[in-house]
Amino acid sequence: MKHNSTENPLNYPIVALDFSTTQEIKNFLLLFKDEPLYVKVGMELYYQNGPEIVKWMKACGHRIFLDLKLHDIPNTVYRAMKGLAGLDVDLINVHAAGGTSMMQAALEGVNEGTPNGSNPPKLIAVTQLTSTTEDKMQSEQLIEHSLKDSVLHYAKLTMDAGLDGVVCSALEAKDILQVTRPNFMCVTPGIRLSGGASGDQKRIATPEFARLNGASNIVVGRPITLANDPVQVYHQIKDQWNGAMKNDVN
Ligand code: C5P
């Protein structure tokens, strides 16, 4: 089981594997038999299982978004990224709030740490978390702008720092593409099928809306991982994302 090189990684919803043990991961992935997936390894899994779980999933043939959202002084982020780039993942990220120097340092680390003969992972930056509302942003981060302006500002900083794109809500992707450049990646969590539980997410959208609004990738966790039939829901989301269900609008 491998992704073949002609497949477009953008066609795959990224499945957020928000589990804490390798056994849970193995049980979940077993449901998909030999189907190669694009998976997201976040803090919960990585902090408890370390690089081994990433190496194992890579060896199983899955594409990997390593979602560790680095945010620290530039030198620390440079050194951390240099190490993480050795894992040969496909996508990795930082927080744009760390600033342009930190993002440039991250990029340097990624490029220097990528093994010879491998492509560096795409490097993207989180703008405002999809669990953040404008009220909370203004009262807690003391940002006296609209949430949209903050997201667009971070997106421009990210582009200026030379990164490949941002993590944002699907609701913002179209506007981001207008102030950045064609093919600037907009990786969008907060994806729900119509009527699905939003949980702690605030700025949510359906897979189809995300596609029509310019998202380059969608990230989906609980709608798949908590489903009675994760494989069926995954394929429903994948089909909707790829435009196979054109009438299933929000
Ligand atoms: O379960 P759900 O579909 O809400 O999962 C979304 C995933 O995307 C979680 O793993 C979360 O950490 C991640 N994420 C997010 N918002 C961001 C960046 C990442 O929800 N801005």
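1. Lys69 touches Met43, Asn93, Val94, His95, Val126 and Leu129 when residues up to four places away in sequence are not counted, contact meaning heavy atoms within 4.5 Å. The side chains of Lys69 and Asp67 are joined by a polar contact of 2.9 Å, a term for a pair of N or O atoms within 3.5 Å where, within protein, one must be able to donate a hydrogen and the other to accept it, and where residues adjacent in sequence count only if both atoms are side-chain atoms.

2. The model is predicted, so that local features need pLDDT of at least 70 and side-chain atom pairs count only at pLDDT 80 or more, whereas totals for chains, interfaces and linings use all residues. Residues are numbered from 1 along each chain as its sequence is written, and side-chain values use heavy atoms, with hydrogens and water left out.

3. The UniProt annotation "active site", from an unreviewed entry, covers Lys69; such annotations may be inferred rather than shown by experiment, and their positions are given in the numbering used here, with feature names shortened. Lys69 is partly exposed, with a relative accessible area of 22%, where buried means under 20%, exposed over 50% and partly exposed in between, for a 1.4 Å probe and protein chains only.

4. Lys69 is found in strand E3, residues 63-70, helices (H or I, at least four residues) and strands (E, at least two) being DSSP runs numbered from the N terminus. Seven of the eight residues of E3 are buried. Strand E2 (residues 38-42) runs parallel to E3 and is joined to it by five bridges, with Val39 standing opposite Ile64; on pairing, DSSP must find at least two bridges between two strands. E3 also pairs in the parallel sense with strand E4 (residues 91-95) over three bridges, and Leu66 has Ile92 as its bridge partner in E4.

5. Among the 74 residues of the largest nonpolar core, those touching the most other members include Leu17, Leu66 and Val94; such a core is a set of buried Ala, Val, Leu, Ile, Met, Phe, Trp, Tyr and Cys residues joined through side-chain atoms within 4.5 Å.

6. Thr130 lies in the loop between strand E5 (122-126) and helix H6 (134-140), and Thr130 is buried, with a relative accessible area of 8%. The side chain of Thr130 makes a polar contact of 2.9 Å with the side chain of Gln201. Leaving aside neighbours within four places in sequence, the residues in contact with Thr130 include Cys168, Ser169, Gln201 and Arg203.
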